[in-house]
Amino acid sequence: MGRKKGVLFSDEGPPDDFDPDNPYKDPVAMLEMREHLVREKWIDIEKAKILREKVKWCYRVEGVNHLQKCRHLVQQYLDATRGIGWGKDHRPHSLHGPKVEAEVEAE
């Protein structure tokens, strides 16, 4: 018996009746969309916290070799923290940190 890869909840996705062109048309859908965005933001923040703890553990265990041995964890942590947090949604992307190759290819 192992962990399940993906647990699906009934209210996991954004509301179906939300209209981004006219968000005030349905106030209930607007509030559900806001709750969905906040929930997704909290999930991203908690993932970054977990990665930060893994980086701390790796630095402590590896000692002087942490630059080579923990590089992949540090990169994952930096990618996870780029653009998350409260109040950073409207900042220019140049202030979120350097672009990763995957972001450059997507543009």
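How many salt bridges does a search of the whole structure find? The search turns up 3 salt bridges, a salt bridge being a side-chain nitrogen of Lys or Arg within 4 Å of a carboxyl oxygen of Asp or Glu.

## About the model

This is a predicted model, where local features need pLDDT of at least 70 and side-chain atom pairs count only at pLDDT 80 or more, while totals for chains, interfaces and linings use all residues. Residues are numbered from 1 along each chain as its sequence is written, and side-chain values use heavy atoms, leaving out hydrogens and water.

## The salt bridges

Lys49 pairs up with Glu46, with the closest N and O atoms 3.4 Å apart. These two sit 3 residues apart in helix H1, about one helical turn (helices are DSSP runs, H or I, of at least four residues, numbered from the N terminus). Lys49 is partly exposed at 35% relative accessibility; buried means under 20% relative accessible area, exposed over 50%, and partly exposed in between, with a 1.4 Å probe and protein chains only.

Glu53 and Lys56 make another salt bridge, at 3.6 Å between the closest N and O atoms. In Asp79 with Arg82, that distance is 3.1 Å; Asp79 is partly exposed at 33%, whereas Arg82 is buried at 18%.

## The disulfide

There's 1 disulfide here, meaning a pair of cysteine sulfur atoms within 2.5 Å. It joins Cys58 to Cys70, S to S 2.0 Å. Cys58 lies in helix H1 (residues 27-62) and Cys70 in the loop between H2 (66-69) and H3 (71-81), so the pair ties together parts 12 residues apart in sequence. Both cysteines, Cys58 and Cys70, are buried.
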